[in-house]
Amino acid sequence: MSESDLLKVEESKNLKPCCACPETKIPRDKCIMEKGEENCEDLIEAHKQCMRSLGFKI
C-alpha cells in the first residue's frame, strides 16, 4: 500500500458516509432528482466506487 493510500484510509476513518465523495455525490443526487434513479446508473456506480475507495462497505 502506498503512502497516499495510507493517508486516504486515515482520512476516511474520521469521515462520515454522508460527507464522503461530494464530487460524485452531488451529480448523482442531481441526476436522480431530475431524471430518476434508473437513468443515473453510471453516476450511482461512480459514487459507490468512490465510497469503496475510502473504505466504506457499499
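Is C21 buried or exposed, and at what relative accessibility? C21 counts as buried, at 3% relative accessibility, where buried means under 20% relative accessible area, exposed over 50% and partly exposed in between, with a 1.4 Å probe and protein chains only. The tour returns to this cysteine after a note on the model.

The structure is a predicted model, in which local features need pLDDT of at least 70 and side-chain atom pairs count only at pLDDT 80 or more, while totals for chains, interfaces and linings use all residues. Residues are numbered from 1 along each chain as its sequence is written, and side-chain values use heavy atoms, with hydrogens and water left out.

**Stop 1**

Helices (H or I, at least four residues) and strands (E, at least two) are DSSP runs, numbered from the N terminus. C18 is partly exposed, with a relative accessible area of 49%, and C19 is partly exposed, with 48%.

**Stop 1: the two disulfides**

Next, show the cysteine sulfur atoms. A search of the whole structure finds 2 disulfides, a disulfide being a pair of cysteine sulfur atoms within 2.5 Å. One of them joins C21 to C50, with an S to S distance of 2.0 Å. This pair links distant parts of the chain, with C21 in the loop between helix 1 and helix 2 and C50 in helix 3, 29 residues apart. The link of C21 and C50 is left-handed, with -90° about the S-S bond.

Now select C31 and C40, which a disulfide joins at an S to S distance of 1.9 Å. The link of C31 and C40 is left-handed, with -90° about the S-S bond, and both C31 and C40 are buried. With bonded cysteines counted along the chain, the disulfides follow the pattern 1-4, 2-3. C18 is in no disulfide, and the nearest cysteine sulfur to it, that of C19, is 3.4 Å away; C19 is likewise in no disulfide, its nearest cysteine sulfur being that of C18, 3.4 Å away.

**Stop 2: helix 2**

Select residues 22-35, which form helix 2: this helix has 14 residues and reaches 19 Å from its first C-alpha to its last, close to the 20 Å expected at 1.5 Å a residue, where the expected span is 1.5 Å times one less than the number of residues. Which residues of helix 2 are buried? They are T24, R28 and C31. These residues cover an arc of only 65° around the axis, which puts them on the same side of helix 2; the arc is that of the directions from the helix axis to the C-beta atoms. An α-helix has 3.6 residues a turn, so residues three or four places apart point the same way. The face of helix 2 turned away from its buried side carries the exposed residues I26, M33 and E34. Helix 2 is followed by G36, whose phi is positive, near 95°.

**Stop 3**

T24 counts as buried, at 15% relative accessibility, and touches A46, H47 and C50, not counting residues up to four places away in sequence; contact means heavy atoms within 4.5 Å. The side chain of T24 also makes a polar contact with the side chain of H47, at 2.7 Å. A polar contact is a pair of N or O atoms within 3.5 Å; within protein, one must be able to donate a hydrogen and the other to accept it, and residues adjacent in sequence count only if both atoms are side-chain atoms.

**Stop 4: helix 3**

Finally, select helix 3, which has 13 residues and reaches 18 Å from its first C-alpha to its last, close to the 18 Å expected at 1.5 Å a residue. Its buried residues are I44, H47, C50 and M51. They cover an arc of only 125° around the axis, which puts them on the same side of helix 3, and what covers them includes helix 2. On the other side of helix 3, E41 and D42 are exposed. Just after helix 3, G55 takes a positive phi of about 95°.
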